[in-house]
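Have the picture open while you read, and look up each piece as it gets named.

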Amino acid sequence: MGLTEPQKTKSELEIERFDKLAAAVRRTASTAIAKQRKLLTNLNGDLEKHGNPEQWKRSGDLLLANLNNAIRDGDTVLVVDYFDENAPTVSIIGDRNLPVSEIAEGYFRRYTKARNGKLVINERIAATLADIESKLALMSRIEEAIESGDSAFLESIRQPRRTATEVRPKKKKDIEFNGARRFVSSDGFEILVGKKAKDNDLLTFRVARSLDTWMHAADFPGSHVVIRNPNRKEIPQKTLIEAAQLAAFYSNARELDKAAVNYTLKKFVNKPKRSAPGLVSLASFKTLYVPTTIPAALDER
């Protein structure tokens, strides 16, 4: 007769359950902290990309002040720096094919974008730092609870995995489709994001239903995004914004701070004859302007 594994005592089972609970809560908290630290790194990188706004403005001012005496040398413009008491000659980069006035306008646009971008990014950095500090304090409290065996506290902060509440009954004609990333919005709506151009066509014209909400970054190549709406409810604004951010991030507009995203019901999306994969026309649409980042609340399924 073979040997059987000895049954665990009630005490051993309780210890095992507590250890699993502690590991799950610690892992969730650590992941949340790591995510915010990664966001902080990305925000600091974005801040650096903007450069010094005052330098862009100074270049624009110098170009305008030297409209009549600037010297062109290929893609360099030589100007007198009237803001320096010694009035030295300085060089400013500028497309050889553009007039000095247009080069100056370009620097002023860059100044405005950098100034506004830095304000927004600095606000997000401050909020992220505060969030990290809060999460570190929670992690410290979690470690204390694990040390003291406080399972009630650990249970109180354990977050159940969010699942889509808007589930559409599966029909026989539904097709198996693996060409999309899947997310669940904060309101429980499933969001599908096409991976490739041919996947976009399949997602939009074979998978999406007439009253699903369809999205795409305006004026940039990118993924088709579909918010499933099986119960024909009004899509909450928060879900619209989260889906629009996905459309912006999974497009060529992701290098911008913000991007325009067009959205409409799928029934207003048409496929022009003999058009390239992923190309569509819209009978009507609205536009949202959103950050080109994936919302922190969303995780890919």
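The largest nonpolar core here has 23 residues, and I191, M215 and I227 are those with the most contacts inside it. A nonpolar core is a set of buried Ala, Val, Leu, Ile, Met, Phe, Trp, Tyr and Cys residues joined through side-chain atoms within 4.5 Å. Buried means under 20% relative accessible area, exposed means over 50%, and partly exposed is in between (1.4 Å probe, protein chains only). The elements that give two or more residues to this core are β5 (190-194), β7 (225-227), α6 (237-249), β8 (258-265) and β11 (286-291). The largest share, seven residues, comes from α6. Those labels are DSSP runs numbered from the N terminus: helices are H or I with at least four residues, and strands are E with at least two.

Before going on, a word on where this comes from. This is a predicted model, in which local features need pLDDT of at least 70 and side-chain atom pairs count only at pLDDT 80 or more, while totals for chains, interfaces and linings use all residues. Residues are numbered from 1 along each chain as its sequence is written, and side-chain values use heavy atoms, with hydrogens and water left out.

**The six-stranded sheet**

Which order do the strands of the six-stranded open sheet follow? It goes β4-β5-β7-β6-β8-β11, with antiparallel pairing. Two strands count as paired if DSSP finds at least two bridges between them. At the edges stand β4 and β11, each with a single partner strand, so one side of each is left without a neighbour in the sheet. From one strand to the next, the twist averages 25°. Angles like this run from 0 to 180 degrees between N-to-C directions, using axes that are lines fitted to C-alpha atoms, for helices over the stretch in contact.

| Strands | Bridges | Example pair |
|---|---|---|
| β4 and β5 | five | V184 and E190 |
| β5 and β7 | three | I191 and I227 |
| β6 and β7 | three | T213 and I227 |
| β6 and β8 | five | M215 and Y263 |
| β8 and β11 | six | K258 and P291 |

Start at the β4 end. β4 and β5 form a hairpin with five residues between them, and G188 in the turn has a positive phi of about 90°. β5 is mostly covered, with four of its five residues buried.

Now hop over to β6 (residues 213-217).

Contact means heavy atoms within 4.5 Å, and, leaving aside residues up to four places away in sequence, I227 touches F189, E190, I191, D212, T213, M215, I235, T239, L240 and A243. Among these is M215, which is also one of the residues with the most contacts inside the core.

α6 lies across β4, β5, β6, β7, β8 and β11, and runs at about 75° to β11.

β1 pairs with β2 (residues 76-80) over three bridges, and the bridge partner of I71 in β2 is L78.

How many residues does α3 have? It has 49, and it reaches 71 Å from its first C-alpha to its last, close to the 72 Å expected at 1.5 Å a residue. That expected span is 1.5 Å times one less than the number of residues. Just after α3, G149 takes a positive phi of about 75°.

Last stop: E48, found in helix α1 (residues 10-50). Is E48 buried or exposed? E48 is exposed, with a relative accessible area of 66%. E48 and N116 are 68 residues apart in sequence and 14 Å apart in space, C-alpha to C-alpha.
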